[in-house]
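Opening my notebook on this one.

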Amino acid sequence: GDMLRLLAPIVAPGPVVGVDLSETMIDEARHRALAVPSNVTFQVADVHTLPFDDASFDRVVSTFGHMFAPDHARTAAEMKRVLRPDGVIAVACWTPEGSIGRMFRTIVTLVPPPPGGQPPLLWGTEDHVRELWGEAEFERHAIEWQDESVESYARFMLDSFGPLLNARELLAEREHELDEAFTDYLRAENENDDGTLRFSGEYLLSVVRP
C-alpha cells in the first residue's frame with residue numbers, strides 16, 4: 001500500500017484501487033492505509049486476469065509487483081486492457097545488473113525457478129518492456145538500505161521477503177543453506193566496513209503510453 005498512500009491525495013476524489021495476489025499482503029496494505037482517504041480500496045486479484053472492465057483506469061502502476069507473475073505477455077496485456085486509451089502505465093522493476101539481480105541469482109543456485117515461468121528480472125530490461133508494450137520512457141534509479149548489521153538485516157529479510165520465504169519452504173531441512181548463502185551475499189554487497197550494513201539496489205522505471 002505504500003505507493004497508494006502517495007497516489008491517493010494526488011487523484012482524490014477519484015478512486016484508487018490496490019491489488020495483490022496475496023491476501024496477507026492486502027490485509028497489511030489495509031492496515032497501513034488506515035489514514036489514507038476513502039477513495040482508496042484494496043482487493044485480492046491476479047494480474048493475469050484482472051477483475052476490471054476494459055478501459056477502467058487512467059493510470060496503471062506497479063512497484064516490484066507484476067514482475068513476479070510468470071506469464072509476462074499475459075500480464076502486460078491485462079495491464080494494457082484495463083487502461084484507458086489516453087492512459088499511462090508506470091512500472092518499477094529490479095534490473096539484472098543491480099544488487100537485487102545478484103540476490104535472485106543467489107536464490108536460483110539453491111532453488112531452480114519453476115518450469116514455464118519467465119524470469120522476473122526481464123522486466124528490468126528496456127528491450128523486454130519494448131517487446132511487450134512498444135516504445136517507452138526509461139530511467140534508472142537506486143534504493144539504499146541500511147541496517148545495524150548484516151546479520152540483523154539478513155534475519156529480517158529471511159523472515160519476511162516473499163521469494164526468500166518461498167525458497168526456505170522448498171528447501172525444507174536444507175533452509176540453513178539459503179540462510180548462509182543470503183548472508184554471504186549481503187556481506188559481499190556491503191559498502192560499509194564498520195560492522196553496519198549499507199548497500200543499494202538499482203531499478204528500471206518504465207513509463208508507457210500505449
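Predicted model: local features only at pLDDT ≥ 70, side-chain atom pairs only at ≥ 80, totals over all residues.

How much space lies in the second largest pocket? I get about 180 Å³.

**Pocket lining.** Next I looked up who lines that second largest pocket. Three strands each supply at least two residues of the lining: β3 (57-63), β4 (83-94) and β6 (197-208). The lining residues are Met3, Arg59, Val61, Ser62, Thr63, Val88, Ala90, Val91, Ala92, Leu205, Val207 and Arg209. Sorted by class, I have eight nonpolar, two polar and two charged residues in this lining.

**Helix pair.** For two packed helices, I want the angle between their axes and the distance between the axes. I took α6 (residues 150-158) and α7 (residues 162-171), whose axes come within 8 Å and cross at roughly 75°. Angles of 65 to 115 degrees count as roughly perpendicular, so α6 is roughly perpendicular to α7. On the α6 side I noted Arg155, Met157 and Leu158, which meet Leu164, Leu165 and Arg168 of α7. By class, the contact of α6 with α7 has four nonpolar and two charged residues, with no polar ones.

**Arginine 81.** I found this residue in helix α3 (residues 72-81). Is arginine 81 buried, partly exposed or exposed? Its relative accessible area is 25%, so I put arginine 81 down as partly exposed; buried would need under 20%. Leaving aside neighbours within four places in sequence, I list Leu50, Phe52, Asp53, Asp54 and Ala55 as contacts of arginine 81. I also checked serine 56, which is 25 residues from arginine 81 along the chain, and their C-alpha atoms are separated by 8.5 Å.

Note on methods. Residues numbered from 1 in each chain as written. Heavy atoms only, no water. 1 Å grid on protein atoms, 1.4 Å probe; cavity = no way out; pocket = protein on both sides within 12 Å on 5 of 7 lines; lining within 4 Å. Points joined across faces, edges and corners; volume = space filled by probe spheres on them. Helix = DSSP H or I, 4+ residues; strand = E, 2+ residues; numbered from the N terminus. Nonpolar A, V, L, I, M, F, W, Y, C, P; charged D, E, K, R; others polar. Axes fitted to C-alpha atoms, helices over the stretch in contact; angles between N-to-C directions. Parallel < 35°, antiparallel > 145°, perpendicular 65-115°, else oblique. Contact = heavy atoms within 4.5 Å. Buried < 20%, exposed > 50% of the residue type's maximum accessible area, 1.4 Å probe, protein only.
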